[in-house]
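Subject: Structure for you to look at

Hello,

I am handing over a structure for you to work through. Please open it first and then read the notes below it.

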Amino acid sequence: MKKAFVRRMFDDIHARYDLLNTILSFGQDRRWRKVTVKEMPSSGMIIDLCSGGGELARALFARPDFNGQIVMADISMPMISHYRRILGPRYSGRYFLVICDVEDLPFRNSVFAGAMSAFSLRNLTSLERFSREVRRALKSRGIACYLEIAHPQNRLLEAAFKLYFYNFSPRIAGLFTKKTYAYRYLPGSLKAFPRQDEVIRLIGQGWAECNYRNIMGGIAAVYRMANG
Ligand SMILES: C[S@@+](CC[C@H](N)C(=O)[O-])C[C@H]1O[C@@H](n2cnc3c(N)ncnc32)[C@H](O)[C@@H]1O
């Protein structure tokens, strides 16, 4: 039910998603993706989970020492179809597109050296199932790293952030898109999303290492897992 809604919603907002992400985060989304891709190995096959058009893949390709390949996996064809605009011919032959559900990955065991995602955990149905699937598809000593909007620890910052994210961001989005239901859902999905320690509890089972680090006081967080 949630999955079908989420897929239809991203099909619906694909045209304005990247632009609005950058406007609503005041351009911080790009900086946060750079922080996230620093954790990825410099070679081998990496999977970008819930890739959209590939903003995170582009950030990894831009890392000077990265010479690997990237599989972009997303459930929404319209979202992933932006890959041409985002990646262009520059990296052709180094990335592959797969339409799939990341909670049920269509890959053999132990194929990827790294797995990464940005702004996607909130949209999933089961974090435990997702995490099991990622661990299964990663090689031993593979690294997984997820960027997600989070809950600030400082009460004042949390109140200010919530005021902006829940009340102002849907109104700003309304100036650029008629799909306002989506920009009510996206902030609303953070309300239902657990705090960082609870996320670690849900995704951490079975990993040799699992931790997170807050960005900007916890407005966002990067979760990092290492396979044994
Ligand atoms: C908020 S966008 C993030 C896009 C991109 N990662 C970025 O850096 O901006 C979330 C993406 O997750 C995809 N998605 C949601 N649920 C999914 C699932 N179960 N399996 C695969 N993709 C999914 C959506 O289609 C959408 O492209």
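Where does S110 lie? S110 is in the loop between β3 and β4. Before going further, note that this is a predicted model.

S110 is listed here for its backbone: its phi is positive, about 55 degrees, although S110 is not a glycine. S110 is partly exposed, because 14 other C-beta atoms lie within 10 Å, and a buried residue would need 20 or more. F119 also has a positive phi of about 55 degrees and is not a glycine. F119 is found in the loop between β4 and α6. With 22 C-beta neighbours inside 10 Å, F119 counts as buried.

The sheet

An open sheet is formed by 7 strands, in the order β3-β2-β1-β4-β5-β7-β6, with mixed pairing. At its edges are β3 (95–99) and β6 (209–215), each of which pairs on one side only. From one strand to the next, the twist averages 15 degrees. As background, strands of a sheet pair through backbone hydrogen bonds, either parallel or antiparallel. Strand β2 (residues 69–74) and β3 run parallel and are joined by 5 bridges.

The helices on it

Helix α6 (residues 127–137) packs on the sheet and touches β1 (45–49), β4 (112–118) and β5 (138–149). The direction of α6 makes about 145 degrees with that of β5. The buried residues of α6 are L127, F130, S131, V134, R135 and A137. Seen down the axis of α6, these buried residues fall within an arc of 165 degrees, so they line one face of the helix. The general rule behind such a pattern is that an α-helix has 3.6 residues a turn, so residues three or four places apart point the same way. The buried residues of α6 pack against β1, β4, β5 and α9. Helix α9 (residues 196–203) itself lies across β6 and β7 (220–226), and runs at about 25 degrees to β7.

The ligand

There are 21 residues around the ligand, and those that come nearest are C50, G52, I75, S76 and A118. The most come from α1, which gives 4 residues. Sorted by class, the shell has 10 nonpolar, 6 polar and 5 charged residues.

Regards

Conventions: Residues are numbered from 1 along each chain as its sequence is written. This is a predicted model: local features need pLDDT of at least 70, side-chain atom pairs count only at pLDDT 80 or more; totals for chains, interfaces and linings use all residues. Two strands pair if DSSP finds at least two bridges between them. Helices (H or I, at least four residues) and strands (E, at least two) are DSSP runs, numbered from the N terminus. Axes are lines fitted to C-alpha atoms, for helices over the stretch in contact, and angles run from 0 to 180 degrees between N-to-C directions. Two residues are in contact if their C-beta atoms, placed from the backbone, lie within 7 Å. A residue is near a molecule or strand if its C-beta atom, placed from the backbone, lies within 6 Å of it. Ala, Val, Leu, Ile, Met, Phe, Trp, Tyr, Cys and Pro count as nonpolar, Asp, Glu, Lys and Arg as charged, and the others, Gly among them, as polar. A residue is buried if 20 or more other C-beta atoms lie within 10 Å of its own, exposed if 12 or fewer, and partly exposed in between; C-beta atoms are placed from the backbone. The arc is that of the directions from the helix axis to the C-beta atoms.
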